[in-house]
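Have the picture open while you read.

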2 protein chains.
Amino acid sequence: MLALSHSQSRASLLIKTLVQPRGPGHGARALGSTRSYTAGSLKINAARMMDSLHETCKWGAAHPYGSGPTETGMSRLTLDDNDFKARRWLAKEAESLGCTTKVDKMGNMFMFRPGKHQGHATAVGSHLDTQPTGGRYDGILGIHAALEAFRTIHENKLQTEYPLCLVNWTNEEGARFPKSITGSSVWNGDLALDKAWALQDVKDASITMRDELERGGFLGDVEASYESNPLAAHFELHIEQGPILESTGKKVGIVQGGQAYRWIDVNVHGRDCHTGSTPFETRSDAMLCASRIIVESNRIAKEHGGLASTGILRLSPGSVNTCPGHVFFTLDIRHPSTERLAALTSAIEARSRAVAGTGSERGCRLEWLETFHSPAVEFHPDCISSVREAVEANYGAESGIDVFSGAGHDTCATSKRCPSSMVFITSRDGVSHNPLEYSSPEDCAIGAQVLMDAALVYDARRTA
Amino acid sequence: MLALSHSQSRASLLIKTLVQPRGPGHGARALGSTRSYTAGSLKINAARMMDSLHETCKWGAAHPYGSGPTETGMSRLTLDDNDFKARRWLAKEAESLGCTTKVDKMGNMFMFRPGKHQGHATAVGSHLDTQPTGGRYDGILGIHAALEAFRTIHENKLQTEYPLCLVNWTNEEGARFPKSITGSSVWNGDLALDKAWALQDVKDASITMRDELERGGFLGDVEASYESNPLAAHFELHIEQGPILESTGKKVGIVQGGQAYRWIDVNVHGRDCHTGSTPFETRSDAMLCASRIIVESNRIAKEHGGLASTGILRLSPGSVNTCPGHVFFTLDIRHPSTERLAALTSAIEARSRAVAGTGSERGCRLEWLETFHSPAVEFHPDCISSVREAVEANYGAESGIDVFSGAGHDTCATSKRCPSSMVFITSRDGVSHNPLEYSSPEDCAIGAQVLMDAALVYDARRTA
């Protein structure tokens, strides 16, 4: 174990105040300090990285918001033709740096660069796919920073202790095939391969993910499994997709783990009625009931120090002069603590049932179905400390801040099977999943430098 | 003017407590009391009426809810093949009773029965079209009650003073061609003929209302105009579509007029953000903002003795883990008084702007667009008093209750151009626009008897 040097601060609910030590059985490997890489001794080439990033965004560029060539968002959906072009380009680039590419049955791409010793690789990875109205940084920056690290290591002829691996995970976004973090969830054993293969294109149910893997030549023969294809560690650079770094003026988020979250499908069954002829006291207005629940879920989440959000809502029948008899909506409820999330969720459910059942109107019937539960993820102290060392060596301790990830990432999946951590950089206005998503070239460079150094520090200290 | 005998009571906000006398210029004709028809001297044949109603509901029967032959709802959309069949049947029945049919350019059907004197006809009418998930009574009962009145008058060889007219108005529901009360609004001059003709089938924009009028043979050559084709008065029987009669135990609603209402399109512009990585204080969550406005509109409407309802809501982008950046929803705001509706609407708008602009989050931008305004309608005292006399003569004064219509009806349109009023009967549970819509045969018979007698009383007292 490396000694941890905590420069903790607390900017928001998303920031974890203490790194919990891991118990045994998490796959931690002891790090030694006998070998020699010093963070900051290699410097990435920021201009080269940004050129590659923007050049390859021609595959999927969409939603221009300005006249400049990089002033567009992206729509590079998993396994579409643009994704295939970006994937082939990436493999070719990595191979030009001496890497060997393996593609697994989920299309996850692993580009290995040999080290001095045999052993599992220290990986740096992210994803090339985007949301349909996405930006140029979410996922894409993580891949390009990893590639830039490989280029820098290659041109400096640095021989790492163990192999490195650049990973492009399939369908992190879950936008075209509706399950996020798909490739890494098959790899870590959370999701069965056949279920992932059977995912259907949201716009054309006749097309499955397996069809598209095959069409693009990315249906590999390596098992999509941490057992057949293990990694020693996984690091990922990602834009924060939130406002903490910007609001605190810090440059790097040293990510401690991911929030716990639960997704709930709520169905409110009332009764259609005429808006003109039905006095309030005889209504069972599902839309009014749903609105009250959404307002209450917000209030209760604030009280509990968590989050609650409604992203989807559909009603029927949908006529100006008919009170809806049925409303479906989603609740996305989050908290850094798995246990406190459970308490928050119970409180919202209880209040929702009270809102539906009573009040001045006749009431509605409520169906409450949890569709997804992701417990809190705690990243590995060895990986976190490698990131911290990279931050401190390059930019000083005061430039980093310990944060918790609000979003899910492939690294949340890998962390179940190998030591993992992440590096966050500033997102302008916290905007993401939006064409206006933006991180400055300076911030992208900081992130890439920290990513490379974290991986190299980790590699240098590994004892196996 | 007939002497008014008010047996006013107040069961809800929808009930008007005083009938306002009309000023001059509304087209009222003085009623005399020299002629002889006495309400209750003819009796309608309830069984015959219900047989016809259910028999002709074979044209459009849908959404069965039980095993009995009449236990279905209806889907008889304006100018579909079922509507054509029902229309042709109606004309044939009326003609078998000595009527002459005129069809105007909107497909409004006028079936005239001669009286002793030349003159404009006293009309009884409603509509044969239904909602796609409608019932067997909304509109349909009004037509069958009018036909039953004609049958009763015919078999009793009653010669009215002036002509009677049975009217079937086109597209009252506005379900297939999205504008309600279309035919009578062209007739009364509120809606231009070419705009009505150009209305497109909501499911197939290549089909216009004019196309379908032509296809069915209902593109008549009579101008759709109260000037070319005037009526002396218009009476309509309708189900209440609300809970007042049921809750008060009264049998007949003596309708004083229609509520004022306004329709508002509300657009809330916030900013898409990730549900996990965005603390509340930096969000502009359009869905939360919309929910608060809906809850507040309900509260404010209660305070003002009016109604506010949201029947349509759409959001984007529509992903579980993205707070919506945009929400569109409708507000339907009603009050029996035009002036108090204006005050209520202003109060809701002001509060909505406050909710959008302030609060703990960053706020959203609000667009508020009024798309429709229907001032309060006051029915004609001569028609109201004819209905009241019909109720008192047949069932006693205590069986009637003065009510305001919460919904729009063709009679609200005719009342702008000729003395008009309506008769309401009980709707079970206030359910309408729903296959379960139901009124008992006994209540249907009461309504038909009152409708016939109101028209005959009016006819007998007319002086021109």
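A residue counts as buried when its relative accessible area is under 20%. Keep that cut-off in mind, and also that this is a predicted model. By that rule, helix α12 of chain B is mostly covered, with 19 of its 21 residues buried.

Now for the place where the chains meet. Chain B brings 54 residues to the contact and chain A brings 55 residues. Together they bury about 4700 Å², and 61% of that is on carbon and sulfur atoms. Three residues stand out on the chain B side: B:Ser277, B:Phe280 and B:Val320 supply 14% of the area that chain B buries against chain A, more than any other three residues.

What about polar links across the interface? The rule finds 16 residue pairs in polar contact there, but 0 salt bridges.

Several elements of chain B give two or more residues to the side touching chain A, among them α8 (286-303) and β16 (326-335). The largest share comes from α8(B), with 9 residues.

Here's that side of chain B sorted by class:

| Class | Residues on the side of chain B that touches chain A |
|---|---|
| Nonpolar | 20 residues |
| Polar | 24 residues |

Methods
Residues are numbered from 1 along each chain as its sequence is written. Chains are lettered from A and ligands numbered from 1 in the order in which they are written. This is a predicted model: local features need pLDDT of at least 70, side-chain atom pairs count only at pLDDT 80 or more; totals for chains, interfaces and linings use all residues. Side-chain values use heavy atoms; hydrogens and water are left out. Buried means under 20% relative accessible area, exposed over 50%, partly exposed in between (1.4 Å probe, protein chains only). Helices (H or I, at least four residues) and strands (E, at least two) are DSSP runs, numbered from the N terminus. Contact means heavy atoms within 4.5 Å. Buried area is the accessible area (1.4 Å probe) that two parts lose on being put together, summed over both. A salt bridge is a side-chain nitrogen of Lys or Arg within 4 Å of a carboxyl oxygen of Asp or Glu. A polar contact is a pair of N or O atoms within 3.5 Å; within protein, one must be able to donate a hydrogen and the other to accept it, and residues adjacent in sequence count only if both atoms are side-chain atoms. Ala, Val, Leu, Ile, Met, Phe, Trp, Tyr, Cys and Pro count as nonpolar, Asp, Glu, Lys and Arg as charged, and the others, Gly among them, as polar.
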